[in-house]
Amino acid sequence: MRPTFRWCLVSSPLLLCGLFAHASQAQDSDAMQAHIAMQQRLMSRAGPDPSVPAGSVRIQVVDEEGEALGSQSVILGVMARDGTRSELPKTTSSDGIAIFSDLSTDGSASYRARMVYQGATFASPPFRLSNDQGVLVHLVRLPVNSDERPVLQHGQFIMELRDQRLHVVQHARLSNFGTRAYVFPKEGKLVRLPQGFVNLELQAQMGDQRMVKEEGVGFRVFGSLVPGTITLSWSYHLPATTRTLSFDVPTNWNTYRYQIVIVAVEGLSLSVNGLNATSFEHEGRALLGTEIARAPQEAPLSSIRIALRGIPGPGPLRWIALGLAVCLGLGLSLLLSRRGPAASLDHPSALVVAKHDLQLQARMLNDQRANHEVGPQFYKREHERLVTEMAQVLRLESLDSEVAQTPPDL
């Protein structure tokens, strides 16, 4: 199962999804809004229809002019309540229609219709069936090309300092403002990340877009983008071991707006392309941020220069964890080197302390993984280490118990 991202920042200052969505709706130009309205008729859709019998789905495939397309292969995807998936394929008749019958109406399954044409996927929104009527799906098949120029980005770069690391969440809100479906390159669209990034995590997409890691560079995007908007999201860490940090953020796509935000801490300042960010609050949290906008007649924005000053030093948690690890290592070495029964009996509390320290480290590690502060490989490696050391402690504890129960030699 792919990792689930808890990025809907109701409880975390990093997501700010509602804030950005509101800003996006408020600031989109009239021209863009008009173009989006024009695109509505080019989008596939699904909805209840009394003319369709209950337990049935009628799929009609049309072109950009609304003309029916026969002999088209379509698929009705089915996802059961337990997460299992299946597919029902059919071919449209001469009037562009394919009908699926005898489907579940008890709410135990959701459905989604789709078709693939020249590498592009055209799909309806997911839906469920009711007991009283079926669903009519319109799949609009558009011309396909690989011209990236109609694809524009509204980027978001959201940061938080976490004990000598900069935790970054990036969102690329990609809008296809054309009237054709765009297909990403066969080898994938390379998305570069700032130099030195680690612990990259990619959020799975509901559509046909796939993101595949490119070691040391970033990742590649595969799939297609029909007219409309999708959001790609990912996160990673950058080292922040000094008082100042400057780095370049590649924009990767033609960008008309880019927002940069960091959770404010005392003494911290943020500048973007040489301009100082402003401070503001969101849901009671202090933030620093700014926005860069580009008009069509302006030069493209190839990258963004971010500079942080006044980064605080390492917090005490890092040194506490390091001290526990050192003490635990020394304690285990001492216990393992003393194989006589007297050593174990003279220091029974050392085993209790060792178990407590291991349990504390395990809780800290689990919290870091839950908050996406460490990647899956680091978590697995540290988890295996803790299990091994705990096994050693339990083994010594059992030996002490055996010695305590053995009568002394007379």
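Hi everyone, let me start with a term: a residue is buried under 20% relative accessible area, exposed over 50% and partly exposed in between, using a 1.4 Å probe and protein chains only. What you see above is a predicted model, where local features need pLDDT of at least 70, side-chain atom pairs count only at pLDDT 80 or more, and totals for chains, interfaces and linings use all residues. Residues are numbered from 1 along each chain as its sequence is written, and side-chain values use heavy atoms, with hydrogens and water left out.

First, the overall picture. The protein chain has six helices and 25 strands, taken as DSSP runs (H or I, at least four residues, for helices; E, at least two, for strands) numbered from the N terminus. Of its 410 residues, 42% are buried. If we take contacts, meaning heavy atoms within 4.5 Å, between residues at least 6 apart in sequence, 73% join residues at least 24 apart.

Now to the salt bridges, where a side-chain nitrogen of Lys or Arg sits within 4 Å of a carboxyl oxygen of Asp or Glu. The count by this rule is seven, and I'd like to show you three of them.

Here is one: E87 pairs with R114, with 2.6 Å between the closest N and O atoms. E87 belongs to strand 4 and R114 to strand 6, so this bridge ties together parts 27 residues apart in sequence. E87 is partly exposed at 47% relative accessibility, and R114 is partly exposed at 25%.

Next, K189 and E148, whose closest N and O atoms are 3.4 Å apart. K189 is in strand 13, while E148 sits in the loop between strand 9 and strand 10, 41 residues away. Buried or partly exposed, what is K189? K189 is buried, at 13%, whereas E148 is partly exposed, at 25%.

And then E291 with R257, at 3.7 Å between the closest N and O atoms. Strand 24 holds E291 and strand 20 holds R257, so the pair ties together parts 34 residues apart in sequence. E291 counts as partly exposed at 32%; R257, at 5%, counts as buried.

Last stop, the largest pocket: an open set of points on a 1 Å grid over the protein atoms alone, with protein on both sides within 12 Å along at least five of seven lines, and lining residues having an atom within 4 Å of a point. Its lining has 37 residues, with R112, A123, M206, G207 and D208 nearest the centre. Elements giving two or more residues to that lining include strand 4 and strand 6.

How values were computed:
1 Å grid on protein atoms, 1.4 Å probe; cavity = no way out; pocket = protein on both sides within 12 Å on 5 of 7 lines; lining within 4 Å.
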